[in-house]
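Please keep the sequence and the structure in view while reading.

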Protein chains: 2
Amino acid sequence: MDTAPRPGLRERKKRRTRDALVRAALELFTSQGYERTTVDEIVEAVDVSQRTFFRYFAGKEDAAFAVQRMSESHFVEAVRQRPAHETPLEALRNAVMANWDTIGEAIEAVVPIELHMRTFQLIESTPVLLAAHLCRQEGLEEEIARVIAEREGLDVDADPRPRVAVALFGGVMRLAGRLWGAGDDFSVAALRELTASHLDQVIPALARDWRTDRSGGVPDTR
Amino acid sequence: MDTAPRPGLRERKKRRTRDALVRAALELFTSQGYERTTVDEIVEAVDVSQRTFFRYFAGKEDAAFAVQRMSESHFVEAVRQRPAHETPLEALRNAVMANWDTIGEAIEAVVPIELHMRTFQLIESTPVLLAAHLCRQEGLEEEIARVIAEREGLDVDADPRPRVAVALFGGVMRLAGRLWGAGDDFSVAALRELTASHLDQVIPALARDWRTDRSGGVPDTR
DNA sequence: AGGCTAGTGACAGTCACTGACAATTGACAA
DNA sequence: TTGTCAATTGTCAGTGACTGTCACTAGCCT
């Protein structure tokens with residue numbers, strides 16, 4: 001395993017340009033709004049041609065999700081490496097939590113965490129970005145459903161449970177994210193707390209008897 | 001209540017133009033692809049100026065969802081009018097089914113049903129449209145969650161169950177839609193069948209004892 | 001050193017979308 | 001019936017995202 005076999009000057013330069021573009025883009029997006037920021041402004045801040053921007057990113061939108069992508073793939077990996085004795089929802093919950101602790105440095109290498117947090121809110125409050133976010137979210141859920149199915153030795157296409165479990169999980173996560181964005185404490189800790197409390201409210205409810213217990217968080221209500 | 005107090009020539013003309021634009025747009029989108037269809041092609045087919053198109057629709061995307069919007073608002077109304085004795089998920093299930101029977105004519109007044117079905121597939125297979133679809137879907141779910149909460153006399157913000165139930169329902173619907181699009185029978189009946197069978201598989205599973213019954217469709221699997 | 005090639009910039013062009021203003025046309029009253 | 005008002009529409013010009021092309025620069029490799 002050679003994770004860093006001397007990147008070479010060219011590679012280093014590319015990455016520096018790319019990171020600079022991401023930083024500039026997020027900084028501008030969060031400070032003056034996504035729509036009100038032009039690609040020209042971004043490339044001017046980094047001093048490269050517009051054409052170069054579009055060689056690094058498929059579009060303006062793509063730049064906004066650059067950091068999210070890191071976090072997401074990191075999360076999938078975290079789920080994959082959860083011990084087999086955990087139930088699916090436990091594994092997912094623990095993976096999110098662990099992710100918050102370990103992803104920090106990787107993000108900070110590109111942009112300040114604080115900027116990443118502001119970007120998160122930006123996405124939630126910008127229709128075009130929210131749409132794109134939900135779409136990639138669905139792709140992520142499909143991927144995770146497959147990981148879960150494999151863990152449990154199930155066939156994703158035959159047994160709907162992995163997908164349902166992941167959809168439920170995703171729904172709760174999204175709800176927590178929305179509430180965090182609507183609140184007034186925009187710290188990482190606050191998001192962590194909120195996520196944890198929501199997950200801890202739902203998971204035990206699913207493990208309990210859903211039929212006789214009416215106070216849990218069960219959808220068979222009347 | 002006067003639902004049709006003589007629309008007036010002006011109104012009739014507006015509606016005719018709008019419908020023609022929708023028809024032309026969907027026809028072109030489904031036959032040559034959404035991205036590969038320009039607004040100029042659409043307006044040329046109807047023989048109006050491009051500016052007029054953008055006065056009727058917020059964007060190219062907006063035209064693609066014109067019929068969906070009808071169907072959705074019709075569905076919300078259907079849910080609202082379900083008898084109170086049905087459980088939330090029963091009400092949702094029955095509303096979808098009833099919707100398939102009654103929405104037909106309203107759609108046919110604008111575009112052929114068959115075109116609407118092809119549009120559905122188009123949305124599922126076009127990333128930009130899918131993103132927009134998921135976004136508006138989320139909005140719809142929020143609206144329905146409120147309707148359900150009201151039916152059951154609950155507070156949406158205090159009790160998560162309405163939202164969870166609706167999210168679950170939405171997830172199943174989306175899954176059915178995806179499978180239909182991936183299959184080879186593109187008829188309305190096929191989608192109806194698929195939707196029904198999926199719903200009928202999940203709803204009883206939720207009503208049963210989720211803890212002891214391991215074959216249902218329950219997310220607390222191991 | 002010198003050739004190879006990836007990465008870049010400059011330029012022109014397409015397409016979605018918008019603001020402004022003028023021309024048209026249905027609505028309605030005198 | 002006719003004249004006025006207001007809604008609809010067309011024309012024109014402009015912005016901004018995004019793409020293809022081509023020449024050029026700069027790491028890389030022998």
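**The DNA strands and the helix packing**

Of the atoms of DNA strand C that lie within 4 Å of the protein, 56% belong to sugar or phosphate, and the rest belong to bases. This is a predicted model, in which local features need pLDDT of at least 70 and side-chain atom pairs count only at pLDDT 80 or more, while totals for chains, interfaces and linings use all residues. Residues are numbered from 1 along each chain as its sequence is written, chains are lettered from A and ligands numbered from 1 in the order in which they are written, and side-chain values use heavy atoms, with hydrogens and water left out.

Around DNA strand C there are 21 residues, of which Lys14(A), Thr52(A), Arg55(A), Arg51(B) and Lys60(B) come nearest. A residue is near a molecule or strand if one of its heavy atoms lies within 4 Å of it. The surface near DNA strand C has five nonpolar, seven polar and nine charged residues. In this division Ala, Val, Leu, Ile, Met, Phe, Trp, Tyr, Cys and Pro count as nonpolar, Asp, Glu, Lys and Arg as charged, and the others, Gly among them, as polar.

A polar side-chain atom of Lys13(B) lies 3.2 Å from a phosphate oxygen of DNA strand C, and a polar backbone atom of Val39(B) is 3.2 Å from a phosphate oxygen of DNA strand C. A base oxygen, in turn, is 2.9 Å from an N or O atom in the side chain of Arg51(B). Two or more residues of the surface near DNA strand C come from each of helix 1 and helix 3 of chain A and helix 1 and helix 3 of chain B. Helices (H or I, at least four residues) are DSSP runs, numbered from the N terminus.

Of the 21 residues around DNA strand D, Arg51(A), Lys60(A), Lys14(B), Thr52(B) and Arg55(B) come nearest. Sugar and phosphate account for 50% of the atoms of DNA strand D that come within 4 Å of the protein. With a base nitrogen of DNA strand D, a polar side-chain atom of Gln50(A) forms a pair at 3.4 Å. Helix 1 (8–32) and helix 3 (50–56) of chain A, and helix 1 (8–32) and helix 3 (50–56) of chain B, each supply at least two residues of the surface near DNA strand D. That surface has five nonpolar, seven polar and nine charged residues.

Helix 1 of chain A also packs within its own chain. Its partner is helix 7 (residues 113–125) of chain A, at an angle of about 55 degrees and with the axes 10 Å apart. Axes are lines fitted to C-alpha atoms, for helices over the stretch in contact, and angles run from 0 to 180 degrees between N-to-C directions. Helix 1 and helix 7 of chain A are therefore oblique to each other; angles under 35 degrees count as roughly parallel, over 145 as roughly antiparallel, 65 to 115 as roughly perpendicular and the rest as oblique. In helix 1 of chain A, Arg23(A), Leu26(A), Glu27(A), Phe29(A) and Thr30(A) meet Leu115(A), Arg118(A), Thr119(A) and Leu122(A) in helix 7 of chain A, where contact means heavy atoms within 4.5 Å. These residues divide into four nonpolar, two polar and three charged.

In chain B, the axes of helix 7 (residues 113–125) and helix 9 (residues 161–182) come within 10 Å and cross at roughly 105 degrees. That makes helix 7 of chain B roughly perpendicular to helix 9 of chain B.

Definitions and conventions. A polar contact is a pair of N or O atoms within 3.5 Å; within protein, one must be able to donate a hydrogen and the other to accept it, and residues adjacent in sequence count only if both atoms are side-chain atoms.
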